[in-house]
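Here is a quick walk through a protein model, strand by strand and patch by patch. Have the structure open and follow along.

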Amino acid sequence: DNYDNFTLKKLKEECDFYEVHELSDILKSNLEIVRFVRLEMSSKSTTSKCLNSLPEINRFEQSRYSGITTDKGNSYIILEFDRDCYVKKIMLSTFNKFTTYPSTYGVGSKIFLSADMIKWKQINTISHEACKEIINIEVNDTFDEKVRYIKFTNDSPIGIGCIRIIERFIV
């Protein structure tokens, strides 16, 4: 977390050159992780112990304080990435047993991606499996647009326990 992507890419190139494969693999997995730099919500929960903070969201751990919650219907949550990227997969869960919200908060939420926050493309919805565990939502390879934002919308409140975006590199 202390190195920028440019430095990580340079280190990976060095590892590849000197055939230090184990470290190269670790660096590659760190390069694939997209961080969040901005959070926008329709409303913040006033009853949850969730911090609704970027450092907590970027930590990708499930606890009573991590995550994002809204407390009203017709909700939305928008997260901005630290860079434009091709999304390979979205790993997420709704709230789990550690939270005061029901784990079903967020189920059925539509998931959209966008490059500019004007034109959004729906890619999936959050399933009930996300209540029990972290799920992987693979983004179809035919979706070959670079994006910078992810948005969740729902007619009811939304609760995202943890979320991570994995970048797909196109050569």
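## A strand with neighbours on both sides

One thing to keep in mind from the start: this is a predicted model. Strand S5 (residues 110-114) and strand S6 (residues 120-125) run antiparallel, and 5 bridges hold the pairing together. The hairpin they make has 5 residues between the strands, and one of them, methionine 117, adopts a positive phi near 65 degrees.

S5 also pairs with strand S8 (residues 147-154), again in the antiparallel sense and over 5 bridges. In this pairing, leucine 113 faces isoleucine 150 of S8. How enclosed is strand S5 by the rest of the structure? Largely so, because 4 of its 5 residues are buried.

## The nonpolar cores

The largest nonpolar core has 28 residues, and the members that touch the most others are Phe81, Ile90, Leu92, Ile150, Phe152 and Ile163. Strands S2 (36-41), S4 (75-93), S5, S7 (135-138), S8 and S10 (162-168) each put in at least two residues. S4 gives the largest share, with 7 residues. As general background, nonpolar side chains in soluble globular proteins tend to be buried together.

Leaving aside residues up to four places away in sequence, its contacts include Ile111, Ile123, Ile135, Ile137, Val139, Ile150, Ile163 and Ile165. Asn136 and Arg164 are also among the residues that isoleucine 90 touches.

How many salt bridges does the structure hold? The count is 9. In general, oppositely charged side chains can pair when their charged atoms come close.

Some of these pairs are local. In helix H1, glutamate 13 and lysine 10 are 3 residues apart, about one turn of the helix, and they form a salt bridge with 3.8 Å between the closest N and O atoms. Glutamate 13 has a relative accessible area of 47%, so this residue counts as partly exposed; lysine 10, at 41%, is also partly exposed. Aspartate 71 bridges to lysine 72, with the closest N and O atoms 3.8 Å apart. Aspartate 71 is partly exposed as well, at 24% relative accessible area.

Arginine 148 and aspartate 84 tell another story: their side chains meet in a salt bridge at 3.2 Å, N to O. Arginine 148 belongs to strand S8 and aspartate 84 to strand S4, 64 residues apart, so the pair links distant parts of the chain. Both ends are partly exposed, with arginine 148 at 21% relative accessibility and aspartate 84 at 40%. Shared partners tie this pair into one salt-bridge network made up of Arg38, Glu40, Glu80, Asp84 and Arg148.

## A nonpolar patch on the outside

Phe17, Tyr18, Val20, Leu23 and Ile26 make up a nonpolar patch on the surface, and together they have about 530 Å² of accessible area. Phenylalanine 17 is part of helix H1 (residues 5-17). Its relative accessibility is 63%, so phenylalanine 17 counts as exposed.

Is glutamate 19 buried or exposed? With a relative accessible area of 58%, glutamate 19 is exposed. You'll find glutamate 19 in the loop between H1 and helix H2 (21-32). Its phi is near 60 degrees, a positive value in a residue other than glycine.

Asparagine 74 is another one to check: this residue is not a glycine, yet it has a positive phi of about 50 degrees. Asparagine 74 occupies the loop between strand S3 (68-69) and S4, and at 60% relative accessibility it counts as exposed. For context, most residues other than glycine have a negative phi.

Conventions: Residues are numbered from 1 along each chain as its sequence is written. This is a predicted model: local features need pLDDT of at least 70, side-chain atom pairs count only at pLDDT 80 or more; totals for chains, interfaces and linings use all residues. Side-chain values use heavy atoms; hydrogens and water are left out. Buried means under 20% relative accessible area, exposed over 50%, partly exposed in between (1.4 Å probe, protein chains only). Two strands pair if DSSP finds at least two bridges between them. Patches are made of residues with over 30% relative accessible area and no salt bridge: like charges are joined within 9 Å, nonpolar side chains (Val, Leu, Ile, Met, Phe, Trp, Tyr) within 5 Å. Accessible areas come from the Shrake-Rupley method with a 1.4 Å probe; for residues, only the protein chains shown count as cover. A salt bridge is a side-chain nitrogen of Lys or Arg within 4 Å of a carboxyl oxygen of Asp or Glu. A nonpolar core is a set of buried Ala, Val, Leu, Ile, Met, Phe, Trp, Tyr and Cys residues joined through side-chain atoms within 4.5 Å. Contact means heavy atoms within 4.5 Å.
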